Amino acid sequence: MVPIADPPLCSSSLSSLQTLGSDGVRITMESALTARDRVGVQDFVLLENHTSEAAFIENLRKRFKENLIYTYIGSVLVSVNPYKDLEIYTKNHMERYRGINFYEVSPHIYAVSDNSYRSMRTERRDQCILISGESGAGKTEASKKILQYYAVTCPASDQVETVKDRLLQSNPVLEAFGNAKTLRNDNSSRFGKYMDIQFDFKGAPVGGHILNYLLEKSRVVHQNHGERNFHIFYQLIEGGEEDLLRRLGLERNPQQYQYLVKGNCPKVSSINDRSDWKVVRKALSVIGFSEDEVEELLNIIASVLHLGNIQYGGEDSGNAYITTDTQIKYLARLLGVDGLVLKEALTHKKIIAKGEELKSPLNLEQASSARDALSKAVYGRTFTWLVNKINVSLAYKNASVIGLLDIYGFEVFQHNSFEQFCINYCNEKLQQLFIELTLKSEQDEYEAEGITWEPVQYFNNKIICDLVEEKFKGIISILDEECLRPGDASDITFLEKLENTVGGHAHLTTHKLTDGKTRKVMGREEFRLLHYAGEVNYNVNGFLDKNNDLLFRNLKEVMCMSDNKILTQCFDRAELKDSRRPETAATQFKTSLAKLMEILMSKEPSYVRCIKPNDAKQAGRFDEVLIRHQVKYLGLMENLRVRRAGFAYRRHYETFLQRYKSLCPETWPSWQGKLADGVSTLVKHLGYKPEEYKLGRSKIFIRFPKTLFATEDALETRKHSLGERESHVSHAVVVQAWWKGILACRRARRRREAANTIRRFIKGFIYRHNERCPENEYFLDYVRYSFLMKLRRNLPKTVLDKSWPTPPTALIEASERLRKLYMQNMVWGYCKRINPEWKHQLEQKMVASEIFKNKKDNYPQSVPKLFVGTRLNGEEINPKVLQSLGSEKMKYAVPVTKYDRKGYKARPRQLLLTSNSAVIVEEAKLKQRIDYAALKGISVSSLSDGVFVLHVPTEDKKQKGDVVLQSDHIIETLTKVAICADKVNSININQGSITFTMGQGREGIIDFTSGSELLVAKAKNGHLSVVSRNNGGI
Ligand SMILES: Nc1ncnc2c1ncn2[C@@H]1O[C@H](COP(=O)(O)OP(=O)(O)O)[C@@H](O)[C@H]1O
Ligand SMILES: [Mg+2]
């Protein structure tokens, strides 16, 4: 069944429009003020008559009728168990409460969860959520809902997924071993639980830690009528596989086991043991239990059942003996102990007297209580081991924390024993903490807002806490004293001691101490405590035994010898050597409670107060008597009084002004000045009296709900009168708000993307030297892309341009290949563009390079100068010469200087190259013709002069000897000669000097030196001296 929307949405309400979410279903709590007649108020502080319990309960009833199970008292959440599935825990609901102000949405357990989470994240303060209420009120369900909320809404990563699973799966395991069906609750937690959920700096749940309190061990051996033992026993018997049961020596019938028949209630309609077994088995493996560990754990569970079936017979002497040997056989195997030793330990008691060990036989009664003590100890310690094991699997360090406390609420039965005493003491402590912290947070808020604190009258229950826990004088101390005292201490002597020591205390009385009316309702073995929540009579029967919680020494010894790995951790041999008495149950509980208080005090608390609407676990039934009882025991009226001591309602100026601005002409449609001034103007216009409100630094405080309701009613009327125009305006406001929202979303998205890119880039930079991996792929791709783009812009323009951008490491090889390809391509294109003349030119240049490159000093200057076809044209050569050459084709002509062979006189000549020969011409005369075939070689110096020698064979009579010439274009001239004469390989480049033949066997020598001036002249030694300029002509 779907509950009605908590606060009905008024379509014309401005405030509802503001907070209308994208799904159109978010409904403001503020607007629901108008529906208060039908659904009551969502915050008890808004009750006009806040001191009236009847008004309080009436408000709860109205809301319960409408399936509104949650109501606030300020920031405390009151929750009434609906006993039916309400569809208010879907993922959509979770989303709706994410990041929302407390009062903007209707009360919900998710609002509390979210509020704590956000405080933890923003204020960096550890939080705790205290869930209390009586058995069956919905505490455990509430804590599960909170855990689910975090599991679904918090950020996650792969590792976090496993932790989330473990956190969630710890529940079914703990419930199997620690919960049982009671008269009040089919799944009643029989232990107190405090669980830390740990969050990392990103807000993801990363670990957890559980503290357990006071498991109700007595349930292992005894259950009241209509109740069951812990779930795990039934789950194992109903769900365990055939061969597992065979191994454990169990039958598939709970009726066979003494420990399971006491309550006469093996089956419960709301519980499916078989499917629960599967859930538990799966959960155990999620948490990280190995198959061996599960086996050992089940061995222990089965052992407890076998222990229960051990029966005793009595000898004549009264000593007990065991009549069920098969049980011992199973136990020996399952517990990994010696059967005979176990048998002996179950029937004898070992005493150490004056250093000597004495064994005394037990009678029937003693033997069965020793057996039960062993069962309780084994089960209890295994449970603690289980919690520790879960803690190991959830362990995480350095985290922010939200603690969840799911602990038994105040208990008052017809007969109250040691357990109720402990539980109620625990609640007394929690109440103390609650009042202190609520008052403190109220005081802090007033201080922060600059409003004078008005002292609140409240009942300080320290006096009761002291009565229970004070050293030497407190009830626990007195009980311990009786437990330790030698002699005939008994429950009754304990009662007497109480009467003697604290008999005069205002909060304690006994049958003997009290009078008339009270005495009638008290048993002789009872003492009565006046708790903050009311009176409770405790029967002292069993107090000493339960507090001692003793296990005979020889039973402990047997357990210490066990092969079972879990039991060896539970029963430590060191314990046997320790001669001190173990701490009593009450003192242990007191110490662990003190630690719990410390933990809670160090955190910022939130409260969930659970109420059970009826004892029949029925939906829709609101049992007023029962509820009144709980309202009282939970101290809700006290809570409300503290919260309402000063002001009923407080809101930030902005929220208040936004909602009510239409009620005052100065603030409507908008207020431009300071918010505080706006609120002040508004409330003055509304006629608030000075005693009705106060203006703090950022909030307005309104003392009475009626002031607020009058304002609300005025707003309702005003809305109608604003009429059509208003509706247009408001629609425009909505459109505007939507559009603004869209723009903001886009901006946020862009910013998010930018931040992501930067983050990816930085990460990539850090990992840039690694192999390609998800962390660096974006960065590496980017580097590649940007290199290629840069290359595209900076490619060399000509074949001679050797520049090339430096590639990143990853691209060195690719870059090199690209460079080669590009060069090839450019060269190819270049070649394609070359014309025949240019080709000819280049061919000649190639020849010149082959001959002179790095050999003759003036070669480099010749490179950029083009070779010409000829240096003398037709007109410059004498026609007679041309005539005498006849048909010989002229290929090149150049003016040269010839040096006489004798006196080295310089004479101007022309050198003509024809297809067959080189011809030296003087004016019209053909002075010398050298056939290419006869040209022996050409000599030239390595310096920058232009002198060269054409060598001719000496035996050739026609020739007058070698010719010494000088050309101003030596490189060009000799290249042409070499090509025409096909003498590329016959050009000798000489250092220092050249020897040449003058004719008739005489030799001449040309010495080459370099200097500042070109000088060719005969030297004193008769050689031709050539001084070439350092950068001589070509
Ligand atoms: N919010 C809820 N919605 C529906 N049913 C609930 C809710 N809270 C409790 N119940 C019902 O009440 C039963 C007892 O609740 P539980 O949390 O175990 O009580 P407690 O831990 O206070 O003893 C649950 O098994 C469930 O059936
Ligand atoms: Mg519970």
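Visitor: How are α9 and α13 oriented to each other: roughly parallel or roughly perpendicular?
Guide: Keep in mind that this is a predicted model. The axes of helix α9 (residues 231-239) and helix α13 (residues 291-308) cross at roughly 100° and come within 11 Å. Angles of 65 to 115 degrees count as roughly perpendicular, so that's the label for α9 and α13: roughly perpendicular.

Visitor: How many nonpolar residues are in the contact of α9 with α13?
Guide: On the α9 side you've got Ile232, Phe233, Leu236 and Ile237, and they meet Leu298, Ile301, Val304 and Leu305 in α13. No polar and no charged residues turn up in this contact, and the nonpolar count is 8.

Visitor: Which residues coordinate the magnesium ion (ligand 2)?
Guide: One comes from helix α6 and the other from strand β5 (residues 188-189), 49 residues apart, so look at distant parts of the chain. The donor atoms are an OG1 and an OG, at 2.0 to 2.1 Å, and they belong to Thr140 and Ser189.

Visitor: Is that pair buried or exposed?
Guide: Buried means under 20% relative accessible area. Thr140 comes in at 14%, so Thr140 counts as buried. Ser189 has 19% relative accessibility, which means Ser189 also counts as buried.

Visitor: How far apart are the end C-alpha atoms of helix α6?
Guide: Helix α6 runs over residues 139-153, and at 1.5 Å a residue its 15 residues should span 21 Å. The model agrees, because the end C-alpha atoms are apart by 21 Å.

Terms used: Residues numbered from 1 in each chain as written. Chains lettered and ligands numbered in written order. Predicted model: local features only at pLDDT ≥ 70, side-chain atom pairs only at ≥ 80, totals over all residues. Heavy atoms only, no water. Helix = DSSP H or I, 4+ residues; strand = E, 2+ residues; numbered from the N terminus. Expected span 1.5 Å × (residues − 1). Donors = N, O, S within 2.8 Å, 3.2 Å for Na, K, Ca; no water. Buried < 20%, exposed > 50% of the residue type's maximum accessible area, 1.4 Å probe, protein only. Axes fitted to C-alpha atoms, helices over the stretch in contact; angles between N-to-C directions. Parallel < 35°, antiparallel > 145°, perpendicular 65-115°, else oblique. Contact = heavy atoms within 4.5 Å. Nonpolar A, V, L, I, M, F, W, Y, C, P; charged D, E, K, R; others polar.
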